[in-house]
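Dear colleague,

I am handing over the structure below, together with some notes on what turned up in it. Please have the sequence and the model open side by side as you read.

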Amino acid sequence: SLDAGGGSIQFVRGLEEKVIPAIKLTRSKDGSTGVATFAFNNPNVFDASTSSEGEVTGMFMVDDEGELSTTDVNANFANGKPQSIESTFVMKSPAEWDRFMRFMEAYGEANGLGFNKAN
């Protein structure tokens, strides 16, 4: 469903990742920088039907404001099969942190997540 107010995560442009990641947020004491670490277990981007759509070169976080992205994306394999994806998004300023939080709010609303804002 294309909900204008929603947020989605994509590993291949135009292909929405349906698996909800575990997200760990850390922020420097002075609030100037932050890091978000995402862990996706068995993401649907690995499905045989979707692997033909393209290589995973980054993670794209899309909402009605635009797009945030990171190329710090690692797939973990077991028995030659991809099992999970871990990605890291670094925020280098309070403005980037605020922008990311707005994405998380949109993503949370679109996916029924109770995402609590860290102060």
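In what order do the 4 strands of the open sheet stand? The order is β2-β1-β5-β6, and the pairing is antiparallel; here strands (E, at least two residues) and helices (H or I, at least four) are DSSP runs numbered from the N terminus, and two strands pair if DSSP finds at least two bridges between them. Strands β2 (15-16) and β6 (66-70) stand at the edges with a single partner strand each, so one side of each is left without a neighbour in the sheet.

Before going further, please note that this is a predicted model, in which local features need pLDDT of at least 70 and side-chain atom pairs count only at pLDDT 80 or more, while totals for chains, interfaces and linings use all residues. Residues are numbered from 1 along each chain as its sequence is written, and side-chain values use heavy atoms, with hydrogens and water left out.

As for the chain as a whole, its secondary structure comes to 2 helices and 8 strands, which follow one another along the sequence in the pattern β-β-β-β-α-β-β-β-β-α. Of its 119 residues, 35% count as buried, where buried means under 20% relative accessible area, exposed over 50%, and partly exposed in between (1.4 Å probe, protein chains only). If one takes the contacts (heavy atoms within 4.5 Å) between residues at least 6 apart in sequence, 64% of them join residues at least 24 apart.

Not counting residues up to four places away in sequence, Gln10 touches Leu15, Glu16, Glu17, Gly58, Met59, Phe60 and Val62.

Phe60 has a further neighbour to look at, since the charged end of Arg13 sits over its ring, 4.1 Å from the centre; the rule asks for NZ of Lys or CZ of Arg within 6 Å of the ring centre and within 35 degrees of the ring normal.

The next part to look at is strand β4. In a regular strand the side chains alternate between the two faces of the sheet. Strand β3 (residues 22-27) runs antiparallel to β4 and is joined to it by 6 bridges, with Phe38 as the bridge partner of Ile23. The hairpin of these two strands has 6 residues between them, and in it Gly31 takes a positive phi near 80°. Strand β8 (residues 81-91) is also antiparallel to β4, through 8 bridges, and Val35 stands opposite Val90 there.

Ala36, at 0% relative accessibility, counts as buried. Ala36 and Val90 are 54 residues apart in sequence, yet their C-alpha atoms are 6.5 Å apart in space. Leaving aside neighbours within four places in sequence, Ala36 is in contact with several residues, among them Leu25, Phe89 and Phe100.

Finally, the aromatic rings: those of Phe, Tyr and Trp (its six-membered ring) pair if their centres lie within 6.5 Å, with planes under 30 degrees apart counted as stacked, over 60 as edge-to-face and the rest as tilted. By this rule the count comes to 5 aromatic pairs. The rings of Phe38 and Phe40 have centres 6.3 Å apart and planes at 10°, so this pair is stacked. Phe38 is buried at 0% relative accessibility, and Phe40 is buried at 1%. Both belong to one aromatic cluster, formed by Phe11, Phe38, Phe40, Phe89 and Phe100.
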